[in-house]
Number of protein chains: 4
Amino acid sequence: MIEGRHETRGAKETGRIEAFSDAVFAVAITLLVFSLQVPTLDNPSTSEHLVRMLLLRWPSYLAFSISFATILIMWISHHVMFKLIDKSDTLFMFANGFLLLLVTTVPFPTQLVATYLTTPVAGVVCAIYAGLFLMTNLVYNLLWWLAAHQSRLLKDSVSPMLIHNQSRNYALGAPCYLLALVLAFWSPGVSIGICSVLWLFWAFTTYERRSAREVYRKQRFEPDKKERHNEGRFDDGNKA
Amino acid sequence: MIEGRHETRGAKETGRIEAFSDAVFAVAITLLVFSLQVPTLDNPSTSEHLVRMLLLRWPSYLAFSISFATILIMWISHHVMFKLIDKSDTLFMFANGFLLLLVTTVPFPTQLVATYLTTPVAGVVCAIYAGLFLMTNLVYNLLWWLAAHQSRLLKDSVSPMLIHNQSRNYALGAPCYLLALVLAFWSPGVSIGICSVLWLFWAFTTYERRSAREVYRKQRFEPDKKERHNEGRFDDGNKA
Amino acid sequence: MIEGRHETRGAKETGRIEAFSDAVFAVAITLLVFSLQVPTLDNPSTSEHLVRMLLLRWPSYLAFSISFATILIMWISHHVMFKLIDKSDTLFMFANGFLLLLVTTVPFPTQLVATYLTTPVAGVVCAIYAGLFLMTNLVYNLLWWLAAHQSRLLKDSVSPMLIHNQSRNYALGAPCYLLALVLAFWSPGVSIGICSVLWLFWAFTTYERRSAREVYRKQRFEPDKKERHNEGRFDDGNKA
Amino acid sequence: MIEGRHETRGAKETGRIEAFSDAVFAVAITLLVFSLQVPTLDNPSTSEHLVRMLLLRWPSYLAFSISFATILIMWISHHVMFKLIDKSDTLFMFANGFLLLLVTTVPFPTQLVATYLTTPVAGVVCAIYAGLFLMTNLVYNLLWWLAAHQSRLLKDSVSPMLIHNQSRNYALGAPCYLLALVLAFWSPGVSIGICSVLWLFWAFTTYERRSAREVYRKQRFEPDKKERHNEGRFDDGNKA
C-alpha cells in the first residue's frame, strides 16, 4: 500500500516537468518550419525560374530535416530517460531547464546553416550547428549523471547494467559531435554529413537491436520479457 | 488481472507519443495564420483601397482554409488510428516522426500557394501543395500497414473487417491527391479544387454515414451499439 | 457498473478534443505577441524619440489586450461548455474545428487593427475585427445548439433551466458584436470600445453574480451546494 | 469517502487551468528564439566577418537567456503555487489570465533589449524590461494573496508558517525589480545585471536550502519527511 502511494507520488512529481518539456520540444520542432522561406520572384517569372529558386534553397530543406530528426531523437531520449526516473530534484530541474534552453535555440543555428551553407562562411555555421548539438549531448550526460549517480533519482527497478549501458550510450555522442565541430572548418559538407549520419545510425541501430533481441527472446521464452523489452527499447536512441 | 496491467501499460506506451503528436498538430495548425499577411498601404489610402487589397489576397485565405481543414482531418485520422492501437514500436515511432515532419512542413507550401496562386507559376505551387498531401497520405498508409500487418500493434478487439475497411479508406486518398498533383500543371484551379473537395467529401460522408447507421440502429436495438459506434465513427475521415 | 464504464468512455471521448482545442487556444493567444513590433530607429536617436515611437504604437497594445482577453474568455466559455458535455459527434467535432479556425485567425485582424487604427481606414479594420468576433459568437451558438438540442450531447445532470440560461447567454453576444460591426463605419473608436467593454462587462458580471450567489448559499445551507456552484460558475463568461 | 470525492473534484477544477497555463508558458518560452536574428551579410564575406557580426549580437543572446531563465522560474513558481491550491475562483482565474498576458508579452521587451542594449536608448529599454518583471511579480503577489487570504483556495494541509514564508518570498521580488527599473536610467548594465543575478540568486538558494534541509533530515529521521520535503522544495524559487 505504501509502495503504491509512493509510486503515484513519484509519477506525479515528474509528470508536470515531462508535460512542460514535451510542449517545449513540440513547439521548438514546429517552429523549425520558419527556416523554410518562400522565395520572392521578380514579376515576369516562369515556372522553371521558381523551381530553380526552390531547388537552390536545398540547404534550408537539409537543415530543417536534420534539426527535425535531431530534436525528435532528443525528445525520444528525454522520454526514455524520464521513464527510468522516479523523482525530481532542484538541481536536476535546472539542468533540465538548461536542456530546454538549448532545444529552444535549435531554430537559430538551423536558420544560419539554411542561409550560409553554400557561402564561404559555411565552416563557421556548421561548427556552430555541431557545437549546439555537442552542448546538448553534454547536458544529457549531466542529466543522466545527476539521475543515476549524484542525486539517485532512478526507479529501484533499474538494473546496474542498464545504468552502465545508458551511461556509455550518452557518453558516445560527445566525441562524434566534437569531431563534426572540428571538421567543419576543413569541410562543412563532412560536418553536416556526420550530423545526419549520427542520427540515421542511431535510428537504425535502435530498430535492429530491438529486432535481434526479439528473436532471441522468442527462442528463450523469458518470463520477464515485457519488462526488459520496455526498458531497452530505445537503448541506442539516447545518445543524441 | 494480467490482462488489466497489460492494457494500462499499452495505454501509457502510446500515451506520450499521442500527446506529443497532438501538440505538434496543434502548433502547426496555428502557425498557418502567418500565411495571412497584413497588406502595407501607401500613406494616403482610402477604405476602398484597403478592401481591394484584402480581397486581392483571396489565395491566402483559400490556402489557409484548405490547409487548416486538411491538418484537422489529419489530426482526426491520427486520433482514430491511435484509438485502435495498443502498443508502439521503434519503426512505427519513426514513421510517426516522419508524419509529424510532413505536418510541420504544411505552412511552407501553404505560403507558396498563398503567394503564387494568381501568377503564371501557379501550376508548380499547386503541384507541390498536392504533392505534400500525397506524401502525407502515403505515410498514413505506411503507419496503418505497420500497425495492422507488419508489427501487429492493434488492440485484440479490432475486427478483421474494420482493418480491411480502414486499409481501403487510407488507400483511397493516394490516387486522388496524385490526380490533383498531375492536373496542377494543366489547371491549378482544378488541382486546388480537388484538394478542397476531397476534404469536404470526407467531412460530409463521415457525417451522413453516421446518421444513416444511427437510424438503422434505432430500428434494430442492437445490444453492442456503443462499441461499434465508436469504432466506426470516423471511418471516412481517415483517408486524408 | 455499466453506468461507470459509460461515464469513463464519455470522458475519454471528449478528452482528446478538449486537449487539442486547449493547445490551439494556448498557441493562438501566445502568437498575439507578434502584433507588438519593435520600432526601428534612425541611428542617432534619443530616449525621448524611442518612448514617443513606443507610445505611438498604442493601437497595437490595445488590440493585443482586447484580443488576449477575448481569446481567454472564449477559452473559459469552451471549458464551461465541455464541462456540461458528455459525448461527441461528427457534426459537433466539425463545428468545433470551425471554431478553432476562427480562434487561429484572431492574430490577423488584431494585426490589422494594430496597424491601421489611427489611419483613415480604421473603420474597415474595426468592422473586420468585430466581424470575426461576431462569427465566433455565432459558432458558439451553433455548438451549444448542437450539444443541447440537435444531438443531445449534454450530461444527464444538466437541468433544463441551466440549458435555457446558457442559450440566452450565448444568444446575447451576437447583437452586441453586430452593433460593434455596424458602428465601426461611423466611429471606429466606439466599435473598439464596445469590444473591450463587452469583455469587461462579462468579466465583472461573472464575479459579482458568483459572490451574490455565495452569500445566498451561506444563508440557506443547501446540501447540493457544490454541484450547482460548479455548473453555474461561469454563467456569464460564456457569451463571448 | 466524501473527503476523497472532494479531493478529486478539486484536482480536476484547477487541472485544466494548469494545463492551459503550462501550454502558454511553454509557447512563450519557445517564441523567445525569434529574438535571435540571423545577420544578413554583404555578398563577399569572410568567416571573420560573420563571427564578428554574431558576436556583436551579444545583447540578443543575453536577453534571450535572462528571459528564458525568468519565464522558467515563473513557471516553477506557478507550479509550486498551484500545488498548494485546492480550488479555483472567478477572480483568481482572471488574475491568472492577467499573469498569462504578462508572460505572453515577455518576447516583446526581450526583443527591445536585444535591439537597443548597446545604443543610447538602453536606459529606456532596460526600464521597460525590469518594469514587466516588476508587474509580473506584483501579479504573483496578488494571486498568492487571493489564494491564501481573500478567497481561501489553499489545501487544508498547508500550514500557516508555509503561508507566511511564501508571502514573504513573493513580497521580496517587488523591491528588487523596482530597484532594477529605477537604476536602468543611470546604468542599464547594472539594471540588466540585477535581473540576471536575481534569477541566479534564487536558483542557487533553492538548491542550497534543500541540501541543508536534507542533511538535517538524515540526522533526525523524521517520519513525515516526504510531505514537508515536497511542500518546501521551491521555497525560494517562488519570488520571480
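Start by selecting C:His78: leaving aside residues up to four places away in sequence, it touches C:Ser21, C:Phe25, C:Asn96, C:Leu99, C:Tyr140 and D:Arg16, where contact means heavy atoms within 4.5 Å. What you have open is a predicted model, in which local features need pLDDT of at least 70, side-chain atom pairs count only at pLDDT 80 or more, and totals for chains, interfaces and linings use all residues. Residues are numbered from 1 along each chain as its sequence is written, chains are lettered from A and ligands numbered from 1 in the order in which they are written, and side-chain values use heavy atoms, with hydrogens and water left out.

Is C:His78 buried or exposed? C:His78 is buried, at a relative accessible area of 0% (buried is under 20%, exposed over 50%, partly exposed in between, with a 1.4 Å probe and protein chains only). Colour by secondary structure and you'll find C:His78 in helix H3 of chain C, residues 58-84 (helices are DSSP runs of H or I, at least four residues, and strands are runs of E, at least two, numbered from the N terminus).

Now hop to chain A and select residues 47-56 and 58-83. These are helices H2 and H3, packed at an angle of about 45° with their axes 5 Å apart. Axes here are lines fitted to C-alpha atoms, for helices over the stretch in contact, and angles run from 0 to 180 degrees between N-to-C directions. H2(A) and H3(A) are therefore oblique to each other (under 35 degrees is roughly parallel, over 145 roughly antiparallel, 65 to 115 roughly perpendicular, the rest oblique). Show side chains for A:Leu54, A:Leu55 and A:Leu56 on H2(A), plus A:Trp58, A:Pro59 and A:Tyr61 on H3(A), which make the contact.

Finally, zoom out to whole chains. Chain C superposes on chain D by a rotation of 90° with 0.0 Å of shift along its axis (RMSD 0.0 Å), fitted by least squares on C-alpha atoms of residues with pLDDT of at least 70 in both. That is the relation of a four-fold axis. Only 7% of the interface residues of chain C are also interface residues in chain D, so the copies meet through different surfaces.
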